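Hello,

Here is the structure for your files. My notes on what was found in it follow below.

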Protein chains: 2
Amino acid sequence: MSATMRDVARAAGVSVKTVSNVVNDFPHVAATTRSRVLEAIEHLGYQMNFSARNLSLGRTGMITLAVPELSLPYFAALSDEVIDAASERGYTVLIEQTGGQRERELEVLVSARRRMTDGLIFSPLALRGPDAPTLEVEFPVVLLGERSLHSRVPHVAMANVDAARAVTEHLLALGRRRIALVGTFDPQGAGAGSLRTRGFLEALTAAGLEHPPALVGPAEAWTRTTGAEAMRGLLDGGEPFDAVFALNDVLALGAMRVLYERDVVVPDAVAVAGFDDIEEGRFARPSLTTVAPGLPQIARTAVELLVERLTAEAGAVDGPGLEVVADFTMQPRESTLGRAPRPSP
Amino acid sequence: MSATMRDVARAAGVSVKTVSNVVNDFPHVAATTRSRVLEAIEHLGYQMNFSARNLSLGRTGMITLAVPELSLPYFAALSDEVIDAASERGYTVLIEQTGGQRERELEVLVSARRRMTDGLIFSPLALRGPDAPTLEVEFPVVLLGERSLHSRVPHVAMANVDAARAVTEHLLALGRRRIALVGTFDPQGAGAGSLRTRGFLEALTAAGLEHPPALVGPAEAWTRTTGAEAMRGLLDGGEPFDAVFALNDVLALGAMRVLYERDVVVPDAVAVAGFDDIEEGRFARPSLTTVAPGLPQIARTAVELLVERLTAEAGAVDGPGLEVVADFTMQPRESTLGRAPRPSP
DNA sequence: AAGGTCGCGGTAACCGGTTACCTCGATGGG
DNA sequence: CCCATCGAGGTAACCGGTTACCGCGACCTT
């Protein structure tokens with residue numbers, strides 16, 4: 001079908017080695033030879049066969065990014081950033097959707113598809129401590145999430161506890177005292193939700209407050225729909241509250257929608273805060289107070305760490321469970337502060 | 001490093017052909033032989049080398065999906081669906097972001113990275129009629145968009161004109177007469193925006209109305225931010241309007257945000273409608289009237305058409321510029337209808 | 001002028017699968 | 001009882017790159 005390196009070599013009157021030297025920008029090629037080869041390539045419309053190169057080199061130049069679901073804005077934004085960062089380093093990204101299901105998350109680690117790539121950036125949702133040994137695989141892995149899941153694999157983490165505490169302190173500083181939590185209440189776990197819940201409880205405790213169990217709107221999956229359901233449950237439960245901390249932004253947006261439907265004014269009656277700083281929140285009505293977890297930094301760091309391991313000399317030993325924690329930034333907006341006063345014209 | 005097929009063959013006391021027969025589920029393998037091979041595979045922890053298989057087969061089992069940007073909700077949802085549909089057919093998806101820039105869109109067609117995959121599902125934004133010849137490539141391509149761009153490549157299109165006419169008719173039926181357009185006004189072009197604009201103008205014309213040029217809020221890129229800017233321009237322009245048709249949902253959401261900031265009540269003073277039916281619109285305040293372009297159908301059809309071409313016998317000639325148009329559905333919501341009356345308890 | 005060095009490029013083995021072609025033994029029909 | 005047929009599995013060429021190793025001429029050194 002299409003031309004091979006041998007064809008090019010023949011056409012240019014050189015050997016395949018020389019052609020290879022040219023296409024790979026090797027130094028020792030005479031200028032005249034180089035141009036002769038390039039001309040032959042142009043003439044024949046030669047395109048390198050990547051499967052052959054990959055087989056020869058023993059690597060593919062691709063990495064897998066495993067996320068729960070692309071239609072969740074946070075993961076779409078994450079993928080966007082990872083693709084760009086990887087692209088800058090010459091890597092191509094293959095996205096795997098796990099749906100946040102434990103079974104599918106485990107499969108990502110062993111699937112045939114994974115073997116087409118050199119390494120894995122993994123954002124697990126359902127994996128628990130006991131699954132840690134499964135992460136002991138023979139290819140480089142970088143985890144997005146806390147080290148608590150596994151101590152020997154590099155992690156890029158958010159400051160979940162600190163950021164959640166900051167958000168909660170923000171609500172407390174505004175005088176809110178009965179803060180409902182939207183999301184799974186599981187302060188003992190190791191996932192992002194558990195850590196954010198811990199930060200939330202820490203802030204309450206520091207303020208001398210307790211958290212009544214009735215002020216939890218449970219949401220297993222983190223979507224707008226489950227956020228809405230959780231809020232309906234809270235409102236129907238009858239326990240009064242003057243603020244809501246949702247474990248992420250889509251939950252918060254789902255909750256805000258229900259508050260609107262039930263004529264509960266935000267933030268006058270109930271202040272709402274989320275987590276993630278997805279763009280949607282900036283344009284919501286009211287705009288959503290949240291915390292930016294440093295997504296660009298997270299994506300770039302993850303790619304850097306992975307590429308570092310991919311290109312490491314055989315002798316290079318990776319450090320003892322490296323963990324990078326990204327910087328976070330509070331984003332106070334209308335859903336807690338209220339609407340900015342309109343300048344009178 | 002890791003075991004090869006030859007190692008497995010040796011361990012099982014058979015030939016590589018037999019191992020290959022086993023792993024590929026060939027029929028003529030005796031049960032005892034099969035189990036012996038499987039045992040050896042298990043024992044050695046054998047994993048197939050995909051680069052070698054790909055080289056041998058001349059295909060990779062991967063397809064490229066080229067979209068403008070993953071952080072745009074519509075394309076995130078599209079990617080989600082395409083990945084799942086491809087996965088069901090045994091294909092892996094590699095996502096390429098073009099940023100909607102013509103240069104990068106053209107590069108997708110020739111880039112080294114593309115050559116790692118067997119085919120391309122392409123959602124171009126900036127390509128124009130003159131670029132059509134570039135689409136004449138030697139690998140299968142399925143375009144998302146109208147056939148107008150190129151007649152010999154299969155297309156999966158939305159009913160852009162009809163759907164936009166339907167949305168506009170909906171606004172007209174509600175008594176709105178001065179409808180602003182948010183997005184690029186270019187009824188002559190071939191892109192989605194132009195087609196939607198045509199449908200919009202058709203509906204106006206049919207109602208005996210003209211469209212004053214002042215009622216255009218231009219937005220080159222289709223994002224919340226540009227939608228907001230366009231709306232500011234419209235409001236500052238002073239030309240009164242009682243409705244807005246935004247060429248897609250994120251534009252509409254950006255516009256609604258500005259209407260809120262300027263104390264313009266939606267839909268009482270201005271009704272707003274979008275296009276795409278992204279989930280965000282269902283949870284917006286007010287919820288966004290829009291039209292669902294049949295995204296799942298589009299994604300599945302595109303994958304089907306591409307896979308069909310990838311697996312086609314050499315003799316199979318593809319039809320003369322196949323075009324599939326997905327079904328659309330109006331989604332009237334609060335941004336045009338107003339808030340549903342609360343049932344009194 | 002002989003030997004050394006360096007730049008340039010050729011030859012062929014190798015990466016790890018797939019598969020055309022072939023062999024061999026068992027079964028069955030005449 | 002012999003040969004045709006068929007199922008099972010072996011052998012080796014091939015996919016198209018990379019690269020270790022080697023040869024050769026030109027220029028430099030002393």
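In chain B, helix H9 (residues 224-237) packs against helix H10 (residues 249-261) at an angle of about 50°, with the axes 7 Å apart. Helices are DSSP runs of H or I with at least four residues, numbered from the N terminus; axes are lines fitted to C-alpha atoms over the stretch in contact, and angles run from 0 to 180 degrees between N-to-C directions. H9(B) and H10(B) are therefore oblique to each other (under 35 degrees is roughly parallel, over 145 roughly antiparallel, 65 to 115 roughly perpendicular, the rest oblique). Residues making the contact include B:Gly227 and B:Met231 of H9(B) and B:Leu251 and B:Val258 of H10(B), where contact means C-beta atoms, placed from the backbone, within 7 Å.

This is a predicted model: local features need pLDDT of at least 70 and side-chain atom pairs count only at pLDDT 80 or more, while totals for chains, interfaces and linings use all residues. Residues are numbered from 1 along each chain as its sequence is written, and chains are lettered from A and ligands numbered from 1 in the order written.

DNA strand C is surrounded by 24 residues, the closest being A:Ser15, A:Thr33, B:Met5, B:Ala52 and B:Ser56 (near means a C-beta atom, placed from the backbone, within 6 Å). H4(B) gives the most to this surface, with five residues.

Chain B can be laid on chain A with an RMSD of 0.1 Å by a turn of 180° and a shift of 0.1 Å along the axis, superposed by least squares on C-alpha atoms with pLDDT of at least 70 in both. That is the relation of a two-fold axis.

Regards

Notes:
Helices (H or I, at least four residues) and strands (E, at least two) are DSSP runs, numbered from the N terminus. Two residues are in contact if their C-beta atoms, placed from the backbone, lie within 7 Å.
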